[in-house]
Number of protein chains: 2
Amino acid sequence: MKIAIAGSGALGCGFGYLLQKNGEDVTLLDNWDDHIQAISTNGLRISVNGNEETKDMKICKPNELNEEMDAIFVFTKSMGLKPMMKSIAHIIGKNTKVICLLNGLGHLKTLEAYVEKKNIIMGTTVWTAGIDAPGITHFNGQGPVELQNSDPDEKEAALEIVAILKNSGLNGVYSEDVTYTTWRKACVNGTMNSLCALLDSTIDKVFSSSTIDSMLTGIVSEFSAVAELQDGVTLDVEETVMYLKDLAVKVGAHYPSMHQDLANNRPTEIDYLNGAVAKASIKLGIQAPFCQKVTDLIHAKEDILGISSAVN
Amino acid sequence: MKIAIAGSGALGCGFGYLLQKNGEDVTLLDNWDDHIQAISTNGLRISVNGNEETKDMKICKPNELNEEMDAIFVFTKSMGLKPMMKSIAHIIGKNTKVICLLNGLGHLKTLEAYVEKKNIIMGTTVWTAGIDAPGITHFNGQGPVELQNSDPDEKEAALEIVAILKNSGLNGVYSEDVTYTTWRKACVNGTMNSLCALLDSTIDKVFSSSTIDSMLTGIVSEFSAVAELQDGVTLDVEETVMYLKDLAVKVGAHYPSMHQDLANNRPTEIDYLNGAVAKASIKLGIQAPFCQKVTDLIHAKEDILGISSAVN
């Protein structure tokens, strides 16, 4: 299968590498010159769950690839999805499947402007990754990569991608309700990410604070209300809060990505998490003051650090 | 007039010093051994608006003073008011006036448990002060010290204290509505203090952020609703937000006291500002989610820094 990875940061490289190892014809796409240069010259140096390998891989800028793909995995930051979709329009054919595993809310709507719904496959992943230097990445995980076709008639196509992921060692799983999974994951990021970024602290410390229940319940209640009204997804508040607290114990002394974004002077994805809930609540005629406040504070923090606002 | 200063930190020393200079018989009360020792041995070294002087002053622990006072100025931190009132019960006579210039909300109610309402004089001050070392303080200001009797029949008593303050160079002013002044000042502290503490930044930077209007309007709307329902005080939201923004320009690159509290591992006064509004809103059957969120986050920050919670 001809597969492009649209956005070949750490996660994109990890997926691309394992797919190619399984025999797929993979091309990495990215816009970071040093990274492209390093991989073109030396191959991708990647550590997968601690096992390091170096592998020759095709990599170029989106406009340099001139073939229709069978499948495209998008792996941008949330605010990079729209510009990426514009720059890869020429490699999307009538049957090109586009698979989106991004964190955050609202991506299906963005994709629908560029891809026929029948070709969109939405999903979530719990694998983690990082870039150590241009061309050098690590990739860790074993948890499921859950996928579901957006068009109810297209289950076969989703199952085909699930099978490829499974054969590649990426634990592909067909999801009967990926919208629920996406909302649940958004709750993780909308609490752990934003609170740790605001409080400049690790997950274990934030979750040991005396006000954690009030903060979690406040945020999750708003996610739950919007999920129900907008997407017909039922997120039980109490159950979700317990899930988050259990997860926090497992994750421990870890700074989530939004904290790392601020520390590295990069814009955060807050507009696709708490910000998306606050915005949706206005449309729905309900209120999401906790999410609004968190979004305001994170944007204020970005401004204070001199981080230019997210591209969209 | 026999005057005790109950809580002789930087503000208390400033008031005590100027009152004694005007001929009043002042005793400083405090519980900090090094500070008491330094002032007893070397006198109080104080800089008032840049003019430094050293002055012999009486200072002791609350239980060491055994005379009824004519007037007592309380200058504790908010959470220190209740324990201080307990420890000075023996110097409060039938006609002892107790003057409270503390920041924050709810202090009148605390005082009423220890002092007859006819003897309580509430007020606000915009003077600022700091402790440079035990026995060495600075004190700056020129703005009004506004006072009003809590019992409508006791205006004469308040006017007498106002006159003493005026003669002492402390710009005493009789206020026709000190409850309004207190709420307005609480809005200043409930926005500048809490936001700068949370965002680890100076007032000018926080007030230059793109989301400042949303944050101010969110918080001030809740203060306004509680002020109206609980105290019959009308705080116009738009006018107050404009006032805060003007004030921020004047104050500039300054870290407010709550930021300094966190930086020095001291508990903050959040429960007497945003926390008081959040708590009151529940009683009143309305909602104050912005204030609740800010309070939760500040308490989480205290917990993460290992600051033990406020005494009360």
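These legends describe several close-up views of a predicted model.

In this predicted model, local features need pLDDT of at least 70 and side-chain atom pairs count only at pLDDT 80 or more, while totals for chains, interfaces and linings use all residues; side-chain values use heavy atoms, with hydrogens and water left out. Residues are numbered from 1 along each chain as its sequence is written, and chains are lettered from A and ligands numbered from 1 in the order in which they are written.

**View 1. The two copies, chain A and chain B, and the relation between them.**
Two copies of a chain are related by a rotation about an axis and a shift along it. The superposition is by least squares on the C-alpha atoms of residues with pLDDT of at least 70 in both copies. Of the interface residues of chain B, 100% are also interface residues in chain A, so the copies meet through the same surface.

**View 2. The interface between chain B and chain A.**
Contact (heavy atoms within 4.5 Å) is made by 25 residues of chain B with 25 residues of chain A. The area buried between the two chains is about 2,200 Å², and carbon and sulfur atoms give 68% of it. Buried area is the accessible area (1.4 Å probe) that two parts lose on being put together, summed over both. On the chain B side, the residues that lose the most area to chain A are B:L199, B:K293 and B:I304, together 28% of what that side buries. Between chain B and chain A the count of salt bridges is 0; a salt bridge is a side-chain nitrogen of Lys or Arg within 4 Å of a carboxyl oxygen of Asp or Glu. The rule for polar contacts finds 8 residue pairs across this interface, both residues at pLDDT 80 or more. A polar contact is a pair of N or O atoms within 3.5 Å; within protein, one must be able to donate a hydrogen and the other to accept it, and residues adjacent in sequence count only if both atoms are side-chain atoms.

**View 3. Helices of chain B on the side that touches chain A.**
At least two residues of this side come from each of α6 (178-199), α7 (203-207), α8 (212-231) and α12 (289-304) of chain B. Helices (H or I, at least four residues) and strands (E, at least two) are DSSP runs, numbered from the N terminus. Helix α12(B) gives the largest share, 12 residues. By type, the residues of the side of chain B that touches chain A are 12 nonpolar, 7 polar and 6 charged. Ala, Val, Leu, Ile, Met, Phe, Trp, Tyr, Cys and Pro count as nonpolar, Asp, Glu, Lys and Arg as charged, and the others, Gly among them, as polar.

**View 4. B:V220 in helix α8 of chain B.**
With a relative accessible area of 0%, B:V220 is buried. Buried means under 20% relative accessible area, exposed over 50%, and partly exposed in between (1.4 Å probe, protein chains only). Leaving aside residues up to four places away in sequence, B:V220 touches B:T191, B:V237, B:T240, B:V241 and B:L244.

**View 5. The salt bridge of A:K58 and A:D25.**
The closest N and O atoms of this pair are 2.7 Å apart. The pair links distant parts of the chain, with A:K58 in strand β5 (residues 58-60) and A:D25 in strand β2 (residues 25-29) of chain A, 33 residues apart. A:K58 is partly exposed at 43% relative accessible area, and A:D25 is partly exposed at 31%. Over all chains, a search of the whole structure finds 24 salt bridges.

**View 6. The salt bridge of A:E52 and A:R45.**
The side chains meet at 3.0 Å, N to O. A:E52 is exposed, with a relative accessible area of 53%, whereas A:R45 counts as partly exposed at 38%.

**View 7. B:N149 in strand β11 (residues 145-149) of chain B.**
B:N149 is buried, at 8% relative accessible area. A polar atom of the B:N149 side chain lies 2.8 Å from the backbone oxygen of B:D151. The side chains of B:N149 and B:Y174 are joined by a polar contact of 2.6 Å. Not counting residues up to four places away in sequence, B:N149 touches B:I120, B:I121, B:E154, B:K155, B:A158 and B:Y174.
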